[in-house]
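Let's take a friendly walk through this structure, one piece at a time. Have the viewer open as you read.

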Amino acid sequence: MRLRDAVAAVRESGDFGPLQEAIPYNRFMGISAELVDGEVIGTMRYSEHLVGNANVPALHGGTLGALMESTAIFMLLWHGETEAVPKTINITVEYLRGAKPQDVFAKAVFTRHGRRVANVRVSAYQDDPDKPVAVATAHFLLVQD
Amino acid sequence: MASSFLPQKDEIRRRLEGRYVGAVPHNLALNLRVADYRPEHLSLALPYREDLVGNPETGVLHGGCITSLIDATCGGAVIMSLVAPRRIATLDLRIDYVRPALPHQEVICDAHCYKVTRHVAFVKAAAHHGDDASPIATASGTFVVFRDKRRDDDGSSA
């Protein structure tokens, strides 16, 4: 399925499965999303290859950034008006706690949704949404060249 | 590079590859390899792979694996800048995507740990396809340096 068709299918059904299927990296990472009470919740299923420090053990910081960037894009696609995939301008990740070797969830909110640029905040958490393991601020370009 | 330095360089490379690739499951899963290093500098390469693609229509790698590459390279540059082995943790990492990545090409990250204080290390990095004058992403990160000796100092291969 082409990405554009996958985005359209997700909009139609609210099931993010086609998008995960269409994006190889999300399959590799076990990253997906679902709608919970109208909110897009990103998920990264725990797998041994996501570990960054096997001694602690803790998930690799890069994987948390990947989950938060993906969740922001899922949220933008869900709320967006075109099938074009937003381009990441930049992302700043703050690491707050070690992430345990278990599933991670993420939630993204707009701080501003302009015509050209969207400002998004994302938090990633495990057991308690109020105790995020990492948070991110990101800007996305919504218009195509 | 004078050939007399090579045995030592090979030894450092072997230890780096043991600690940053072999001992770190996610770096191993991404097939990261040491591209270059010198004091305070580290370069890691992320080979192109179809299963890391973010947009199947363009074939370009997903930003997420580039984030992991940059995080790993910055952390490694910090470890190489410390006079004694310490445990470190990323405080924050900012990545600016200045140019679209190209499909079917490996990504190299060059990181420079330009300042280490008693508790914090500061790093700048850039990711490119082989020409460091033409980066696809630039980054800056800060790391906390713990004063206790790192527990995994002898990070041998997994």
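Two strands pair if DSSP finds at least two bridges between them. Strands themselves (E, at least two residues) and helices (H or I, at least four) are DSSP runs, numbered from the N terminus. With that in hand, look at A:Val93, which stands opposite B:Leu93 in S5(B). That pair belongs to an antiparallel pairing of S5(A) with strand S5 of chain B, residues 86–97, over five bridges.

Before going on, a word on conventions: residues are numbered from 1 along each chain as its sequence is written, while chains are lettered from A and ligands numbered from 1 in the order in which they are written. This is a predicted model, in which local features need pLDDT of at least 70, side-chain atom pairs count only at pLDDT 80 or more, and totals for chains, interfaces and linings use all residues.

The model scores ipTM 0.93 and pTM 0.91. Chain B averages a pLDDT (the predictor's confidence in each residue, from 0 to 100) of 87, and 89% of its residues score at least 70. Over residues 152–158 of chain B the pLDDT is below 50, and this stretch has 15 contacts in the model beyond near neighbours in sequence. Here, two residues are in contact if their C-beta atoms, placed from the backbone, lie within 7 Å.

Back to where the chains meet. Chain A puts 32 residues into the contact and chain B puts in 33. On the side of chain A that touches chain B, at least two residues each come from helix H3 (24–29), strand S3 (51–53), helix H4 (61–79) and strand S5 (87–95) of chain A. S5(A) gives the most to this side, with eight residues. By class, this side of chain A has 16 nonpolar, twelve polar and four charged residues; Ala, Val, Leu, Ile, Met, Phe, Trp, Tyr, Cys and Pro count as nonpolar, Asp, Glu, Lys and Arg as charged, and the others, Gly among them, as polar.

S5(A) also has a partner within chain A. It pairs with strand S8 (residues 134–141) of chain A in the antiparallel sense over eight bridges, and A:Asn90 stands opposite A:His139 in S8(A).

What lies in the interior? A residue is buried if 20 or more other C-beta atoms lie within 10 Å of its own, exposed if 12 or fewer, and partly exposed in between, with C-beta atoms placed from the backbone. A nonpolar core is a set of buried Ala, Val, Leu, Ile, Met, Phe, Trp, Tyr and Cys residues joined through C-beta atoms within 7 Å. The largest such core has 90 residues, and those that touch the most other members are A:Leu64, A:Met68, A:Ala72, A:Val104, B:Leu69, B:Ile70 and B:Ala127. H4(A) supplies the largest share of this core, ten residues.

Leaving aside neighbours within four places in sequence, A:Ala72 is in contact with A:Ala108, A:Val120, A:Val122, A:Ala138 and A:Phe140. A:Ile73 is also placed in helix H4 of chain A, and it counts as buried because it has 29 C-beta neighbours inside 10 Å. Not counting residues up to four places away, A:Ile73 touches A:Val85 and A:Pro86.

Now turn to chain B, which has three helices and eight strands. From the N terminus on, its elements run α-α-β-β-β-β-α-β-β-β-β. Helix H3 (residues 63–81) of chain B has 19 residues and reaches 27 Å from its first C-alpha to its last, close to the 27 Å expected at 1.5 Å a residue; the expected span is 1.5 Å times one less than the number of residues. Of the 19 residues of H3(B), 18 are buried, so this helix is largely enclosed by the rest of the structure.

Strand S2 (residues 41–46) and strand S6 (residues 107–116) of chain B pair in the antiparallel sense over six bridges. S6(B) and S7(B) form a hairpin with three residues between them.

Finally, some backbone details. The peptide bond from A:Val56 to A:Pro57 is cis, with omega near -15 degrees. A:Asp37 has a positive phi of about 50 degrees although it is not a glycine, and with 5 C-beta neighbours inside 10 Å it counts as exposed.
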